[in-house]
Amino acid sequence: MNKDTGYGILLITVMSVAAWFMAMIPAVKALSLSSLIMGIVLGMIFANTYRSRVPEAWEPGLKFCSKRMLRLGIILYGFRLTFQDVVAVGVSAVVVDAIIVTVTILLGLWLGRMIRLDRDSTLLTSTGSAICGAAAVLGAEPIVRASQHKAAIAVSTVVIFGTISMFLYPIAYRAGLFDGFTTQQIGIYTGATLHEVAHVVGAGNAMGEEIATSALIVKMVRVMMLVPVLLIMSYCLALEAARRGMATAAEEGSTAEAGGKKKKIIVPWFAFLFLLMICVNSFLHACCGGQVWLSAALKTIEFISTFMLTMAMTALGCDTSIAKFRQAGARPFVLASLLYVWLVVGGYLLTRFIVPVLG
């Protein structure tokens, strides 16, 4: 790593530290705006003010933060999850999570075509809405190979609607709209439909400790589904690229040559390592659960993971100018809003009718 690359990393580190402390401000904390969100906000402010003054030689450092640091952060994120959590929430929660994730992505792909949104933005927005907001968008970005500003726009959409839900759900709870639900059902509905982990924590705590605990576990089970989604996405994109290559070659009269070329499948190795960390964490909890050293170690890993993801988000924000938002237009927000309606309404119906049957 040369000196100029180090300067780029240092720039993102300083901004990420600022984002970290901003997220600790009581007013910001009350809104459950995590350091990841503050990082992308600071990055976007920088992109529209002083970005043009950054030397080109620093660019590799910014790219390192948005790519390598991102993967490392997601891998360590696995230490927040255990397979014991899956057992704790029961079959009904897992089934609701699976339906929500599957339908949201498939519905997003269909709606994206209907409103003529580009494929990359459609995939990123749908994945973020389906699984875990910003972290899912960041996880899908290396597979989709989208422009960084598209990832930032996708993150912005899921954050906006997730924040709306964080306030809407407690209001609905106090208004009696969940009177027909048990505490377990409210937790499942909250964890299966809100975008960010921070949003689930904020909404859950506003409705009670028992609901908050249940909602968080359901949400983390949903996060686990990121691994199979990334694998399936990688496979499908490789097939799509291969078909396009064959079609193009056929038009040019070289079908035989095209048939011999196959698009390489992008294997998201970081997703496998993410799953491995879940296995390790599950083993540690089974063998050493409750020990002080384990709790301290996991808190340290969580801090490192969160800071790495904050750096990735900050770097994404640094590549997102107002001009790029204008270029993207309103379509990503239209897609996110339609998926939001599905999450609120569809999730409510699934929780009301499926959970009582499965128990």
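What you see is a predicted model, and I will begin with the lining of the second largest pocket, which divides into 14 nonpolar, three polar and five charged residues. That pocket has a volume of about 590 Å³, and of the 22 residues that line it, the closest to its centre are Ile 105, Leu 106, Leu 109, Leu 123 and Cys 236. Helix H5 (83-114), helix H6 (119-130) and helix H12 (226-251) each supply at least two residues of this lining.

Turning to the largest pocket, we find about 960 Å³ of space there, and among the 30 residues lining this pocket, Ser 34, Arg 80, Val 197, Ala 198 and Glu 302 are the closest to its centre. By class, its lining has 18 nonpolar, six polar and six charged residues, and at least two residues come from each of several helices, including helix H10 (197-207), helix H11 (209-224) and H15.

Helix H15 (residues 292-317) also holds Ser 305, so let me ask which residues Ser 305 is in contact with once its neighbours within four places in sequence are left aside. They are Gly 73, Leu 76, Tyr 77 and Arg 80, and Ser 305 is buried, with a relative accessible area of 0%.

Finally, the aromatic rings, for which the count comes to 13 pairs. One of them joins Tyr 7 and Trp 58 in a tilted arrangement, with 5.5 Å from centre to centre and 40° between the planes. Because Tyr 7 lies in helix H1 (residues 3-22) and Trp 58 in the loop between helix H3 (35-47) and helix H4 (59-77), this pair ties together parts that are 51 residues apart in sequence. Tyr 7 counts as partly exposed at 35% relative accessibility, and Trp 58 counts as partly exposed at 22%. Elsewhere, ring pairs link Tyr 169, Phe 178, Phe 181, Tyr 189 and Tyr 348 into a cluster.

Definitions and conventions:
Residues numbered from 1 in each chain as written. Predicted model: local features only at pLDDT ≥ 70, side-chain atom pairs only at ≥ 80, totals over all residues. Heavy atoms only, no water. Phe/Tyr/Trp six-rings, centres within 6.5 Å; stacked < 30°, edge-to-face > 60°. Helix = DSSP H or I, 4+ residues; strand = E, 2+ residues; numbered from the N terminus. Buried < 20%, exposed > 50% of the residue type's maximum accessible area, 1.4 Å probe, protein only. Contact = heavy atoms within 4.5 Å. 1 Å grid on protein atoms, 1.4 Å probe; cavity = no way out; pocket = protein on both sides within 12 Å on 5 of 7 lines; lining within 4 Å. Points joined across faces, edges and corners; volume = space filled by probe spheres on them. Nonpolar A, V, L, I, M, F, W, Y, C, P; charged D, E, K, R; others polar.
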